[in-house]
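Trainee: I would like to go through this model term by term, setting each value against its definition. Please start once the structure is up.

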Amino acid sequence: MGLHYLNFKQLTLIHLFSLFFLEIKVKNPWHRRQIIIVTVIIAVGIIIMVSIGVVQNKPLHQKYKYGIVLDAGSSHTSVYVYEWPAEKENNTGMVQQKHACNVKGKGISSYSGTPDKAGVSLKECMDEAKMTIPKHRHHETPVYLGATAGMRLLKMDDDTASEKVLKSVENFLQTYPFSYRGARIITGQEEGAFGWITVNYLSNNFRKASGTMGALDLGGASTQITFVSGKKLESPDNSINFRLYGNDYHLYTHSFLCYGKDQGLKLSIKQQIQSKHDMTGNITLEDPCFNPGYSVIKSLQSVFDSPCTKVNGPRIENYFTHIGIGNWHKCHKAVKMVFNNTYCHYSRCSFNNVFQPTVEGRFGAFSAYFFVMNFLNLTTYSLDEAKEKMAEYCTTNWDTLKKNHPNVKEKFLGEYCFSGTYILTLLEDGYKFTSDNWKNIDFIKKIGDSEAGWTLGYMLNLTNMIPAEAPDTPLLPYGGYVTLMFFLSLLIFVCFIIGYIFFRRKSGAAHKDII
Ligand SMILES: O=c1[nH]cnc2c1ncn2[C@@H]1O[C@H](COP(=O)(O)OP(=O)(O)O)[C@@H](O)[C@H]1O
Ligand SMILES: [Ca+2]
């Protein structure tokens with residue numbers, strides 16, 4: 001039908017052109033020159049018309065905007081610089097990480113005794129951010145600092161100290177030419193929800209029919225699980241609703257304070273010490289989660305100094321010898337003890353009487369999940385294979401490990417047997433992942449160039465870059481528009497050529513007839 005119609009239209013055009021040219025030729029002896037002039041004028045007209053159309057609709061020269069978010073974690077602070085094209089800030093997937101910087105030293109909560117030094121510790125990374133962003137954009141670049149579980153714990157322990165630390169970083173950040181937008185402790189809910197927004201924004205899931213993916217974040221002091229659940233949520237604390245790009249999302253989220261991997265280790269050591277020792281006299285802890293040959297003298301205070309492990313009574317001044325015996329099965333048993341599965345007041349729980357529906361769909365597991373699983377080469381294995389590999393890793397001699405990994409920080413290296421076991425136990429015995437749905441977990445660090453974490457989602461939310469309703473988009477993308485214009489003008493031009501050829505033949509015949 002279409003082809004038939006086009007042919008008919010072409011023929012009609014050709015017929016009209018031929019009549020027009022024929023008339024010129026018959027009536028005017030200067031026909032050849034006139035035909036050429038008319039053709040050239042029409043061709044030039046088309047070119048000018050197309051050029052104006054293209055130039056008029058061309059997107060203006062890309063201008064970029066920037067934003068800075070500081071992730072003040074329990075173990076360290078990272079500074080992220082994000083960048084996005086100015087005219088497209090409400091489109092999904094447009095904001096990208098431009099630069100990241102790890103602040104030297106520990107997290108800001110470690111400055112509780114010397115709060116004045118917390119701010120200036122950020123200097124190197126903030127100077128880098130200043131260099132990364134073009135000067136004329138500085139004044140309009142927002143800066144946010146969000147502190148997570150390390151500061152939540154400090155606040156519980158010493159409210160004044162946490163306020164002083166926040167004031168110190170606030171005063172310091174205000175010395176920069178950016179637009180300072182606050183430094184605060186974010187809630188566990190926010191940490192979980194913004195991590196979920198980040199991974200789904202970066203994966204472009206908000207505009208796809210394929211659905212969203214859940215977010216698993218393992219920090220040092222807390223851990224978060226967030227996913228869309230079709231089930232009725234039995235506890236309001238675990239429910240968050242969003243309307244993004246015209247779709248409603250009902251999220252389940254929970255943040256477990258004290259269940260990040262550093263606090264988890266303290267819980268496990270405390271549990272093991274208390275089950276075998278009365279805390280007086282010399283303590284030797286034979287820990288199955290540390291490699292054979294590992295032997296380090298540690299202060300009891302380093303274990304009991306946190307609100308997660310605090311015990312009533314006199315200050316603990318003793319030391320203990322932490323010895324590794326490298327036995328994965330015993331380690332697994334010991335780690336399970338830190339998750340309380342004995343009672344649940346809801347229809348279903350993860351652990352510690354926290355409501356959680358069955359996990360659904362795919363999950364992105366980032367932060368320490370990735371660091372640990374990547375180091376142990378476990379990111380592509382099944383749950384059972386991962387357990388076997390862990391058993392092998394845990395029995396490896398400490399000296400052999402150090403020799404094989406001379407560039408890995410000893411603290412991390414010594415803890416990987418515990419950390420790997422902790423992750424498998426948290427996912428299986430805590431969140432109730434099974435051998436079947438284990439493959440739905442992707443251990444990820446970045447999506448594209450941007451790191452997975454709560455910071456991007458936090459900024460997108462505070463700068464209103466995720467609209468509730470889908471923004472209107474042009475019918476055709478710019479590239480498609482230019483291509484269409486090009487082919488249409490080519491078609492018109494070809495019609496003229498065909499018309500001309502047709503006319504020449506016809507007029508030749510007419511000329512003969514006249515003779
Ligand atoms: O290279 C690594 N290997 C193992 N663990 C790492 C590595 N880099 C960072 N981590 C761990 O990742 C975790 C990051 O936690 P973060 O500082 O974000 O705490 P939070 O989110 O609980 O406040 C810490 O436990 C830190 O030790
Ligand atoms: Ca974190």
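Mentor: Begin with proline 177, which sits in the loop between α6 (159-173) and β5 (179-185). Helices (H or I, at least four residues) and strands (E, at least two) are DSSP runs, numbered from the N terminus. This is a predicted model, in which local features need pLDDT of at least 70 and side-chain atom pairs count only at pLDDT 80 or more, while totals for chains, interfaces and linings use all residues. Residues are numbered from 1 along each chain as its sequence is written, and chains are lettered from A and ligands numbered from 1 in the order in which they are written.

Trainee: Why is proline 177 called exposed?

Mentor: A residue is buried if 20 or more other C-beta atoms lie within 10 Å of its own, exposed if 12 or fewer, and partly exposed in between, with C-beta atoms placed from the backbone. Proline 177 has 11 other C-beta atoms within 10 Å, so it is exposed.

Trainee: What is proline 177 in contact with, leaving aside its neighbours within four places in sequence?

Mentor: His138 and His139. Two residues are in contact if their C-beta atoms, placed from the backbone, lie within 7 Å. Lysine 130 is 47 residues from proline 177 in sequence, with 8.5 Å between the two C-alpha atoms.

Trainee: Which residue does UniProt list for "active site", and what makes glutamate 191 count as buried?

Mentor: The unreviewed entry lists Glu191. UniProt positions are given in the numbering used here, feature names are shortened, and annotations may be inferred rather than shown by experiment. Glutamate 191 has 28 C-beta neighbours inside 10 Å and therefore counts as buried. Its place is in helix α7 (residues 188-202). Not counting residues up to four places away in sequence, glutamate 191 touches Thr148, Ile186, Asp217, Gln224, Ser255 and Trp454.

Trainee: Which residues does the "binding site" annotation cover?

Mentor: According to the unreviewed UniProt entry, Gly220, Ala221, Ser222, Thr223 and Gln224. Serine 222 belongs to strand β7 (residues 222-228), and glutamine 224 is also placed in β7.

Trainee: Why are serine 222 and glutamine 224 called buried?

Mentor: Serine 222 is buried because 26 other C-beta atoms lie within 10 Å. For glutamine 224 there are 28 other C-beta atoms within 10 Å, so it is buried. Leaving aside neighbours within four places in sequence, the contacts of serine 222 include Thr148, Gly188 and Ser255.

Trainee: How many residues surround ligand 1, and what kinds are they?

Mentor: There are 20, the closest being Gly73, Ser75, Thr148, Gly219 and Gly220. The elements giving two or more residues to this shell are α5 (149-157), α8 (261-276) and α11 (368-375). A residue is near a molecule if its C-beta atom, placed from the backbone, lies within 6 Å of it. The shell divides into six nonpolar, 12 polar and two charged residues. Ala, Val, Leu, Ile, Met, Phe, Trp, Tyr, Cys and Pro count as nonpolar, Asp, Glu, Lys and Arg as charged, and the others, Gly among them, as polar.

Trainee: Which element gives the largest share of the shell around ligand 1?

Mentor: α11, with three residues. In α11, Ala368, Tyr369, Phe370, Val372 and Met373 are buried. Their cover includes β6 (214-218), α8, β13 (363-367), α14 and β14 (441-443). After α11 comes asparagine 377, with a positive phi near 55°.

Trainee: What makes a set of residues a nonpolar core?

Mentor: It is a set of buried Ala, Val, Leu, Ile, Met, Phe, Trp, Tyr and Cys residues joined through C-beta atoms within 7 Å. The largest one here has 109 residues, and Val169, Tyr369 and Ile423 have the most contacts inside it. Helix α14 (residues 410-430) gives the largest share of this core, eight residues. Valine 169 touches Ile108, Ala118, Gly119, Leu122, Leu145 and Ala183, not counting residues up to four places away in sequence.

Trainee: How much of the protein is buried?

Mentor: Buried residues make up 36% of the 515 residues.
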